[in-house]
Amino acid sequence: MTTLLSVSDLRLSFGGLLAIDGLTFSVNEAEVVSVIGPNGAGKTSAFNCVTGFYRPTAGQIMLRGRSLRGLRPSAVAALGVARTFQNLRLFGELSVLDNVRAGAHLWLRQNVLDALLHTPRYRRSERECTEQAHHWLDFVGLRGDRYGEARHLPYGEQRRVEIARALARRPDLLLLDEPAAGLNHGEKTELLDLIRRIQALGVAIVLIEHDMGLVMEVSERVVVLNFGKEIADGRPEDVRRDPAVIEAYLGSDTHA
Amino acid sequence: MRATPLTSIASLAAVALLATGCGQGLLGGGDGGDTAKTNEPIVLGMLIPQSGSEAAIGPYMSNAAQLAVDEINAKGGVLGRKLELKTADDACDAQSAAAGANKLVTEGVDVSVGGYCSGATLPTLPIFGKANIPMIIPAANSQELVDQKLKHVFLINGTGTQQAAAAEKWMTKQGAKSVALMHDNTSYSKDIALRTQALLDAPGGADTALIEAVTPKESDYSANITNVLAKKPDFVYWTGYFQEGGLIARQLRQAGYKGSIMVGDGSVSPKLVEIAGPEAAEGVYATMTQTPDTLEGAEGWIEAYKKKFGTEPGPYSNQAYDAVRLAAEAVGKAGGTDGAKVIAALEAIDGFQMFSGPLKFTPEHTLSNGGFQILVVKDGKITLQDSLK
Amino acid sequence: MTQLIWNGLFVGSFYALVALGYSMVYGIIKLLNFAHGDLYMLGAFAGFAILGAVGGVSSSMALPVLLAVLVVTMAVTGLAGVALERIAYRPLRRAPRLSLLITAVGASFALEYGMRAAAGADPRVYPLRLGGSSLEVAGARLTLAQLVLVGVAVVLMIGLNLLVTRTREGRAMRAIALDPTTSSLMGIDVNAVISRTFFIGSALAGAAGVMAGAYYGKIDFLMGFLIGLKAFTAAVIGGIGNIPGTMLGGLVLGLLESFGTFWLGGEWRDVFAFGVLILFLTVRPTGLLGERVTERV
Amino acid sequence: MTGVPDTTPEGAPEDTVRSTAADTAESTDGSATAGVARAAAPNEATGETANEAPGPARKTAEVRRRGAGRPPTRASRLLQNRWAGLAGLLLALLAPFVDATPYALSVMTSAAIFVMLAAGLNIVVGYCGLLDLGYVAFFAVGAYTSGVLATRLDLPLVATVPVVIVVTVVAGVVIGAPTLRLRSDYLAIVTLGFGEIIRITANNLDVTGGPSGIYGIPGLAGSPVAFYYLTVVVVALAVLGAARLGRSRIGRAWRFVREDEDAAEAMGVHTYRVKLAAYIAGAVWGGLAGVLFAAHLSAISPGSFTFLQSALVLMAVVLGGMGSVPGVVIGAIVISILPEILRDLADYRFFLFGVLLIAVMLLRPQGLWPARSKEVP
């Protein structure tokens, strides 16, 4: 198994507050890794560091031996990382198809002159782009209207569109930030299936999730964070029995 | 409307083609030419600001022009034809002016008697020129209008050069040593300042201490005034408009300036005194062309104007009045409204009586005598100080 | 030299007064109230109308009368600001920021040209003027009226600062600035506090308008446009949303302009001021006293 | 808008729908396969199977058949937009046959130039969501560059066009590069400041003729009619170009930025560069409009490039519908022709504009002719 992403000794502070305090983990090719932990543990911050939205205070982030630190998010995306957001971030007033076409931005080969003159290359690339968008919407099993505005879709469908958009990027690494939040039971089952099918495409997945059932079901490894510190990293069944994890969750539960 | 696109476009096209039959379209052909016009009125077109920042000026000019038209018509018109005045708004803006000029051309104007803002008048020159319409410009007077040496353009307002000459003459007469020139960075104002500077630069007499440009429409000119006073001038000449002129006079006095202050013709307004306050305005000189107020024997004219419009005449009323009279004179001399003949008639005029004195155009089509004189604020009123004759 | 400094401080105190309203409104609802400069104009005209209604006043009574007019005008422009927020801004609070900005531009036009339709394009002249003799201090010439105006500005600014830092009202404002949703959950009436913020900010602009009218004498419907831009520049220089910073920014901009005019000549003054604005926004967008926001790339 | 065909699928002849669907597929985001899938969609009921696509496209068509049951209004909508454009152009071309007086030509030429400005600003504000309050700066740069070169070097105006493009691109970069990193509301004021800087600079420099500007700029065509037609053609191409850009990869990226910058970044859109591209495109459009303006008026001065002009262009874009090409064209025509019709109300014009801006934002933020939110497959 080759390592795809390795994060070592990642630190991030906002002013005096230490949001991430020495996080180290790695993800292999086509592996599903979950990052769990109580609210405010620094999970999403870690995502934001990897994808370039935050600048880490210290530490290393390597993707296939290339450092991602200091790159802007679009440059990270260009290296094959795609993500979804904790609170849906669709382009609400654009059509569903256009949303997914965003994923094609990086590999679409056409320039301004092609667009102005409508060259054969423009037509070809637009055709391909639309085909791909339909393909990925089919892949995530979208039932709703693809031509209408994305914001008019039901919540669960919007989640699917966001994943389809990320997949249209054809990433090697997909970061999913709480994809099951707000989904009903049936939708969660479909999500589980979807994650497996994505993995089958050879895409590695890092998952932030609160639904332990889902986490235990799909993950090959689980990383547990608490107060910005990593407290466990291992196979799901091992992590589940880790006293530190139980403490963190029980502790946080009693306070909650 | 549920028509198919093709039918609707076809019907549009049909409507359009039908409409061309009305005569104004491309296929409509000419409108008969000048031959048919012998009994129609002679149309004078006047482009003036009726909206925008200078909107207040428009009525002064159009009223006076109308007064002249009515007087001439009362005496039977010109060549047996009546005069008719058409106005259009230039909003003191180039684009509106171009549209307005084209509008006047479309309405069949024979002579243009308008033009107040120089920047807005410039783009209208080729428009009237192409239509072979002579222009008698009553107010706009920037040097660019003259520099183009256009045959159809005549200026009956004093030019910047003439105003600068009057200013220099008065400064020398007052024994000024060191003159500060202030302008507002508009073409009219800057032109006078630079021309005054050129005259002052000649050996002898006063010298230019500095030229200071200010931003118009502001309230605080203390920074500019500090610059001016640092050079310790004994004469300050402001060539811009009264809004800033009043503030500058006031702030100069507040800053302790004791020397003379003079303003250009754009600042000659009772508002100048009001803004500056009576103390600060007292003794301020102004370079100004002859106005009804300062002209002996103009009382009757002012009365007629007041009777007709219920207000006092204002800036450029007399020039607008003269422009109409001059146009009538030239058309009469030319025996018709043919552009070339009217231009020739204008060039040949010698001794036609106007407010500014007997008229004869220079080869550049400007007044041979600008008629500038020096006014002064006395007891809060603007009065004649010296006619510089 | 001292003259340049005094000129700069005097003009700067006007900038600061107007900039405060900008800054407060921006701080609390992140709206750049483009029409704020026009409230300054509105204040000047309101003062003019009130003075006209009062009639002739002897010059010995000028100062007290003007102070009374100042207070009334502040109330009038304050209410106008509140109305502006209610009509034009509140319905759009959840709309995209672009809509809100465009509305603000529209409000600016409506105020300017509405005033033009009401009062005409010609400048008006205040019937009552602060004149007075001038005195010389350390090589700078200043008038008593200027001292009074600067004094009033300082009092207003100190009062505002106390209000924001020491009172319940101020705490509520700061809370909303940080997080409007949580604030409303905590029982703060967000709408009321925003209204009051508009009232205070607009009242300060109105006060500056009356002071300008009484000192300079000439008022016109476009007088708020440029000072609005300058006040924004001042707020950015000092740190928008930060009250002491904004005051400092006003004074700094006044000084910069004073010296800029001296060095570059009057025709380049505005280019200089806007250049400084762009420089600040590029190099230090948080301004002199603004705190750094968490860096997001 | 009367005269704009308001067709429905029922009203359009069947064969028109079919043939146009084939040759206009390129004009939408749709592709040929999408077009085929369209033909195969259930409600279309053409009964033709010859166009059935093989393989994956076929499959997607079926999926959509199951999922997205939308009435097939797209072909007619497509017709509508394309025909609306053609009808507008035809109208513009025929107008001089109705009225070719110098006045009408002058007003129509100005309106056409204004349409081009609005189309350019629409790229910046409508597509990309960046509020530019100093757009007239690019108009000025274009007009002055061509005017100065033409009068000082005695060049024909056409020869200045390449230089104008280069200069406006540079201006776009110079103005955009430092400011596009700012938050959107700061950007608004900074662009306003830049607009003023350009105007004041033109007013202060000698090479630009100072306050009185440049006069005697040569025209681009012999007669006003010829120049009008030239302007209409150039403007039509510019509008078409802006629309095509809007439907391309970069155009979508602009909209992604407008909708959500973070999400756009996450999808690999270099938001800064994309914004700069919008700015540069807007600058070039504005600059070329400036050349037409200089040729039209023959004299330009700083007074033509004030903040009011920027505000008017913005007004046209907002009124017509931000991001909507037909909307913006109509908005621009309304804004430029209305004052000519209502010359008596000139003094109230800006007051009305201000009130209208607020009213549009409050009541109909999408404008008169909104951008399509629903996609035509």
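1. Domain bounds come from an automatic or database domain assignment. For chain B that assignment gives domain 1 (39-157 + 296-355) and domain 2 (161-288 + 373-386). The centres of domain 1 of chain B and domain 2 of chain B, taken over C-alpha atoms, are separated by 30 Å.

2. The model is predicted: local features need pLDDT of at least 70, side-chain atom pairs count only at pLDDT 80 or more, and totals for chains, interfaces and linings use all residues. Residues are numbered from 1 along each chain as its sequence is written, while chains are lettered from A and ligands numbered from 1 in the order in which they are written.

3. In chain D, the axes of helix H13 (residues 307-320) and helix H14 (residues 325-341) come within 7 Å and cross at roughly 130 degrees. Helices are DSSP runs (H or I, at least four residues), numbered from the N terminus. Axes are lines fitted to C-alpha atoms over the stretch in contact, with angles from 0 to 180 degrees between N-to-C directions.

4. Between chains D and C, 32 residues of chain D are in contact with 32 residues of chain C. The elements of chain D giving two or more residues to that side are H7 (157-179), H8 (184-204), H13 and H15 (349-363). H8(D) supplies the largest share, 13 residues.

Conventions
Two residues are in contact if their C-beta atoms, placed from the backbone, lie within 7 Å.
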